[in-house]
Amino acid sequence: MSIIQTGKLNLSSENPVEKKGGQTHTFTRVDFPTPFPSGSDVIVQVTVQTFNGPETPGVRLHDVSETGFSIRMNELFGAGVTGDGTHVRETVGWTAYTV
């Protein structure tokens, strides 16, 4: 049986693009309203719900666990796109569930 939780947050970035794995000091921690049972495999999916800035926002996740996850707005970078990493406040919706 799967357990599902949802939420949303307002997220912006005043920092350059994070280009190296493990650089998470600019991430925001999101705690689930109710922790999932210990040992659960938790999946988190996020979607930007608004269109407040002219650049394309990217969203990075890190450290998904039974208690929450870390998230960062990280403008798209690569394949001819050169976002600087800063981005205005957007509403991001999330869904977390167990598998």
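The exercises below work through sheets, core, aromatic pairs and salt bridges in a predicted model.

Residues are numbered from 1 along each chain as its sequence is written. Because the model is predicted, local features need pLDDT of at least 70, side-chain atom pairs count only at pLDDT 80 or more, and totals for chains, interfaces and linings use all residues, while side-chain values use heavy atoms, with hydrogens and water left out.

**Exercise 1. The sheet with β1**

Task: State the strand order of the open sheet that holds β1, and find its edge strands.

Solution: 
- Step 1. Strands here are DSSP runs (E, at least two residues; helices are H or I, at least four), numbered from the N terminus. Two strands pair if DSSP finds at least two bridges between them.
- Step 2. The sheet is open, has 3 strands in the order β1-β8-β3, and pairs in the antiparallel sense.
- Step 3. β1 and β3 each have a single partner strand, so they are the edges and one side of each has no neighbour in the sheet.
- Step 4. From one strand to the next the twist averages 25°. Such angles lie between axes, which are lines fitted to C-alpha atoms (for helices over the stretch in contact), and run from 0 to 180 degrees between N-to-C directions.
- Step 5. Between β1 and β8, which run antiparallel, there are 9 bridges. Leu-11 stands opposite Glu-90 in β8.

**Exercise 2. The sheet with β2**

Task: Describe the open sheet with β2 in the same way.

Solution: 
- Step 1. This open sheet has 3 strands, ordered β2-β5-β4, with antiparallel pairing.
- Step 2. β2 and β4 are the edge strands, each pairing on one side only.
- Step 3. With direction ignored, neighbouring strands of this sheet are turned by 30° against each other on average.
- Step 4. The antiparallel pair of β2 and β5 has 4 bridges, and Thr-28 stands opposite Ile-71 in β5.

**Exercise 3. Aromatic pairs**

Task: Classify the ring pairs that Phe-32 forms with Phe-69 and with Trp-94.

Solution: 
- Step 1. Rings of Phe, Tyr and Trp (its six-membered ring) pair if their centres lie within 6.5 Å; planes under 30 degrees apart count as stacked, over 60 as edge-to-face and the rest as tilted. The structure holds 4 aromatic pairs.
- Step 2. Phe-32 and Phe-69 are 5.9 Å apart, centre to centre, with 45° between the planes, a tilted pair. Phe-32 lies in the loop between β2 and β3 and Phe-69 in strand β5, 37 residues apart. Both are buried.
- Step 3. For Phe-32 and Trp-94 the ring centres are 5.5 Å apart and the planes are at 50°, so this pair is tilted too. Trp-94 is in strand β8, 62 residues from Phe-32, and is buried.
- Step 4. Phe-32, Phe-36, Phe-69 and Trp-94 make up one aromatic cluster.

**Exercise 4. Salt bridges**

Task: Find the partners of Arg-29 and say which residues are exposed or partly exposed.

Solution: 
- Step 1. A salt bridge needs a side-chain nitrogen of Lys or Arg within 4 Å of a carboxyl oxygen of Asp or Glu. The structure holds 2.
- Step 2. Arg-29 bridges to Asp-31, with the closest N and O atoms 3.7 Å apart. Asp-31 is exposed, at 54% relative accessibility, and Arg-29 partly exposed, at 35%.
- Step 3. Arg-29 also bridges to Asp-63 (3.3 Å, N to O). Asp-63 is in the loop between β4 (59-62) and β5, and Arg-29 in strand β2 (residues 28-31), 34 residues apart. Asp-63 is partly exposed, at 45%.
- Step 4. Through shared partners, Arg-29, Asp-31 and Asp-63 belong to one salt-bridge network.

Conventions. Buried means under 20% relative accessible area, exposed over 50%, partly exposed in between (1.4 Å probe, protein chains only).
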